[in-house]
Amino acid sequence: MNKQRIVRIAQIEGRSTLNKKRITRFAKLTLTAIAALTFAGYAEARNHPKIIVTRPADLPELARKRGQAMLLHATGDGRTHLYIEQNDGARLAVFDVTDPGHVTVEGSAQVDAPGAFDFVSSLGDYAELVRFRNGHGEAVLDLHKVKTPTLNKIQGLDFQGSTERLGGDGLIVADVNDPNYQVVDLSNPVAPNPVAEVKHVLEKITNDETGTTFLLAVDGLYVIRRPAVEEEYEIHQQQMSDPG
């Protein structure tokens with residue numbers, strides 16, 4: 001092997017060794033930087049609390065008033081409103097809580113209520129069933145106008161007790177003292193219509209597939225039907241029997 005070739009090989013090996021050292025140094029610097037960023041991110045995460053409590057003093061003045069009950073209501077435009085019953089049912093305070101970090105007041109509405117009430121059940125997208133605490137029956141809170149809701153007393157609904165939804169079609173309201181039921185039609189959610197009263201119910205059973213509720217009373221059997229659910233069930237059965 002001649003001297004020139006030996007020198008050439010030595011030069012190549014020297015450059016290779018230098019490149020390896022540079023690569024190793026670069027890798028160490030990169031790992032150090034990654035470790036530093038990871039630690040900084042971990043430290044930053046530790047500095048951000050997972051729970052934040054906002055106190056009344058940090059909220060609008062209307063939120064510092066004593067209330068009796070609350071309702072959370074989502075609207076079709078992506079916003080969420082919180083209603084707080086105040087002044088024993090005489091006023092509803094309305095807050096926009098879409099952004100929990102910036103709760104704002106939408107206003108307050110005077111409602112015609114005989115006393116304090118509780119929110120019982122949703123009656124669709126723009127109505128809520130409420131029950132008065134002093135035994136004055138039930139009413140519907142109409143939420144079509146978000147800032148100015150109205151309260152409409154349900155005429156003919158005499159029972160006070162538990163309420164069971166029949167999907168979006170109706171309600172069964174139980175008497176608090178006796179096994180009596182009132183059946184309420186919700187074709188118009190803001191104006192519920194009591195359609196039947198069943199006294200002395202011994203047992204109740206529901207077929208969820210057809211939406212049918214059976215009430216066994218002392219005077220015989222009552223059948224509460226929901227035609228829309230029956231139709232959906234029939235269509236489903238036809239599709240299952242003839243999938244092609």
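This is a predicted model: local features need pLDDT of at least 70, side-chain atom pairs count only at pLDDT 80 or more; totals for chains, interfaces and linings use all residues.

**Notes on the strands, the aromatic rings and the cores**

1. Stepping back, β5 and β6 belong to an open sheet of 4 strands, in the order β5-β6-β7-β8 and with antiparallel pairing. Which strands stand at the edges? They are β5 and β8, the latter spanning 150-153. Each of these has a single partner strand, so one side of each is left without a neighbour in the sheet. From one strand to the next, the twist averages 35°.

2. For the overall setting, the protein has 2 helices and 15 strands. Of its 244 residues, 31% are buried. If we take contacts between residues at least 6 apart in sequence, 29% of them join residues at least 24 apart.

3. Now for the aromatic rings. How many aromatic pairs does a search of the whole structure find? The search gives 2. Phe117 is buried, at a relative accessible area of 0%. Phe119 also counts as buried, because its relative accessibility is 15% and the cut-off for buried is under 20%.

4. Another aromatic pair brings in Phe132. Phe117 and Phe132 are edge-to-face, with 6.0 Å centre to centre and 85° between the planes. This pair links distant parts of the chain: Phe117 is in strand β5 (residues 117-122) and Phe132 is in strand β6 (residues 127-132), 15 residues apart. Phe132 is buried, with a relative accessible area of 3%. Taken together, Phe117, Phe119 and Phe132 form one aromatic cluster.

5. In soluble globular proteins, nonpolar side chains tend to be buried together. Here the largest nonpolar core has 16 residues. The residues with the most contacts inside this core are Tyr83, Leu92, Phe117, Phe119, Val130, Leu141 and Leu151. Several strands each supply at least two of the core residues: β1 (67-74), β3 (91-96), β5, β6 and β7 (138-142). Apart from this core lies another, of 11 residues, among them Ala127, Val140, Leu171 and Val184.

6. What does Tyr83 touch, not counting residues up to four places away in sequence? Its contacts are Ala69, Met70, Leu71, His73, Leu92, Ala93, Val94, Leu143, Val146 and Pro149. One of these, Leu92, is also listed among the residues with the most contacts inside the core.

7. Glu106 lies in strand β4 (residues 104-110). Is Glu106 buried or exposed? At 19% relative accessibility, Glu106 counts as buried, because the cut-off is under 20%. Its side chain makes a polar contact with the side chain of Arg79, at 3.5 Å. Leaving aside residues up to four places away in sequence, Glu106 touches Arg79, His81, Val94, Phe95, Asp96 and Lys147.

8. Between β3 and β4 there is a loop, and Asp99 has its place there. With 40% relative accessibility, Asp99 counts as partly exposed. Asp99 and Thr80 are 19 residues apart along the chain, and their C-alpha atoms are separated by 8.6 Å.

9. Finally, please look at an open sheet of 3 strands, which has the order β13-β14-β15 and antiparallel pairing. Its edge strands are β13 (201-207) and β15 (220-224), and each pairs on one side only. In this sheet the twist averages 20° from one strand to the next. Strand β13 and strand β14 (residues 212-217) run antiparallel, joined by 6 bridges. Opposite Thr206 stands Thr213 in β14.

Methods. Residues are numbered from 1 along each chain as its sequence is written. Side-chain values use heavy atoms; hydrogens and water are left out. Rings of Phe, Tyr and Trp (its six-membered ring) pair if their centres lie within 6.5 Å; planes under 30 degrees apart count as stacked, over 60 as edge-to-face and the rest as tilted. Buried means under 20% relative accessible area, exposed over 50%, partly exposed in between (1.4 Å probe, protein chains only). Two strands pair if DSSP finds at least two bridges between them. Axes are lines fitted to C-alpha atoms, for helices over the stretch in contact, and angles run from 0 to 180 degrees between N-to-C directions. A nonpolar core is a set of buried Ala, Val, Leu, Ile, Met, Phe, Trp, Tyr and Cys residues joined through side-chain atoms within 4.5 Å. Contact means heavy atoms within 4.5 Å. A polar contact is a pair of N or O atoms within 3.5 Å; within protein, one must be able to donate a hydrogen and the other to accept it, and residues adjacent in sequence count only if both atoms are side-chain atoms.
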